[in-house]
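Student: I would like to learn how to read a protein model. Could you take me through one, feature by feature?

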Amino acid sequence: MRCQFSRRGRPVELSRPGPSGRLSLLFASLIPLFATTIARAQIVLNVPPDPAPSSIESNTTLNLLPTGTLPPGFNAGATDGTSTDVIVNIMGGSTGQFSARAGSTLNVSAGSMGVFVDLFGGSTTNISGGTLGGLVNAITGSTVNISGGSMGDVFTAQSGSSLTVFGGDRKSVV
């Protein structure tokens, strides 16, 4: 049996396992790959059936499904802005007051979000459906892409935020 792969740009050929230790080279070279994968593992919460947390932080995806609810004051990401790889998918259900912090991505395709929605700098929000609350605030440094859905009474895009509207129903943008 022969196996060929490249290590740092140089081809390495392995043959059947034997006392030469060639096969152990393969396993030793894979350890950093697995360690990186484990360190970046994504926690996935589906609400329901999982209980709704009051916040999520780095390396976490939360899927809000029909009939699910998130509590008022929910934070996607750490309040100090240090989170990475935080994803919230709103596919139904409802939220109370909601904050998308730095390092988070909010995807809204259905459902309804609370009266106050704050989108902090360093967050990305993609809205293709659903209803966002009465007051939505895109804070400096945030990115918001709207292709559908509807906004509440006021959507504020602060200076330095990025707002792209492809469609949808909006009452006023300040």
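Tutor: Start with V115, which sits in the loop between β10 and β11. Keep in mind that this is a predicted model.

Student: Is V115 buried or exposed?

Tutor: The general idea is a cut-off: a residue counts as exposed when its relative accessible area is over 50%. V115 has a relative accessible area of 52%, so V115 is exposed.

Student: Which residues form a nonpolar patch on the surface with V115?

Tutor: F116 and L135 do. Together, V115, F116 and L135 have about 260 Å² of accessible area.

Student: What should I expect of nonpolar side chains in general?

Tutor: In soluble globular proteins, they tend to be buried together. In this model, the largest nonpolar core has 25 residues. Those that touch the most other members are L62, F74, V88, F98, L106 and M113.

Student: Which strands each supply at least two residues of this core?

Tutor: Among them are β5 (60-64), β7 (74-76), β8 (86-95), β9 (98-100) and β10 (104-112). β11 (116-119), β13 (135-138) and β14 (143-146) also supply at least two each. β8 gives the most to this core, with 3 residues.

Student: What does F98 touch, not counting residues up to four places away in sequence?

Tutor: F98 touches L70, F74, A76, V88, L106, M113, F116, V117 and D118.

Student: Let us turn to T95. Where does T95 lie, and is T95 buried or exposed?

Tutor: T95 lies in strand β8. The limit for buried is under 20%, and T95 has a relative accessible area of 10%, so T95 is buried. Leaving aside neighbours within four places in sequence, T95 is in contact with L64, L70, I90, S112, M113 and G114.

Student: Why does S104 count as buried?

Tutor: S104 counts as buried because its relative accessibility is 2%. S104 lies in strand β10. A polar atom of the S104 side chain lies 2.5 Å from the backbone oxygen of R101. Beyond four places in sequence, S104 is in contact with A76, V86, G122, S123 and T124.

Student: Where does F166 lie?

Tutor: F166 lies in the segment after β16 (162-165). At 62% relative accessibility, F166 counts as exposed. Its contacts, leaving aside neighbours within four places in sequence, are N145, I146 and S147.

Student: How far apart are F166 and S128 in sequence and in space?

Tutor: F166 and S128 are 38 residues apart in sequence and 9.4 Å apart in space, C-alpha to C-alpha. For N145 and N107, the values are 38 residues and 9.6 Å, C-alpha to C-alpha.

Student: What does the secondary structure of the protein chain come to?

Tutor: The protein chain has 1 helix and 16 strands. Of its 174 residues, 35% count as buried. The chain exposes about 9,200 Å², and carbon and sulfur atoms supply 57% of that area.

Key:
Residues numbered from 1 in each chain as written. Predicted model: local features only at pLDDT ≥ 70, side-chain atom pairs only at ≥ 80, totals over all residues. Heavy atoms only, no water. Core = buried A, V, L, I, M, F, W, Y, C linked by side-chain atoms within 4.5 Å. Buried < 20%, exposed > 50% of the residue type's maximum accessible area, 1.4 Å probe, protein only. Helix = DSSP H or I, 4+ residues; strand = E, 2+ residues; numbered from the N terminus. Contact = heavy atoms within 4.5 Å. Polar contact = N/O pair within 3.5 Å; in protein donor to acceptor, adjacent residues only side chain to side chain. Patch = residues over 30% accessible without salt bridge, like charges linked within 9 Å, V, L, I, M, F, W, Y side chains within 5 Å. Areas by Shrake-Rupley, 256 points an atom, 1.4 Å probe, with all protein chains shown as cover. Salt bridge = Lys/Arg side-chain N within 4 Å of Asp/Glu carboxyl O.
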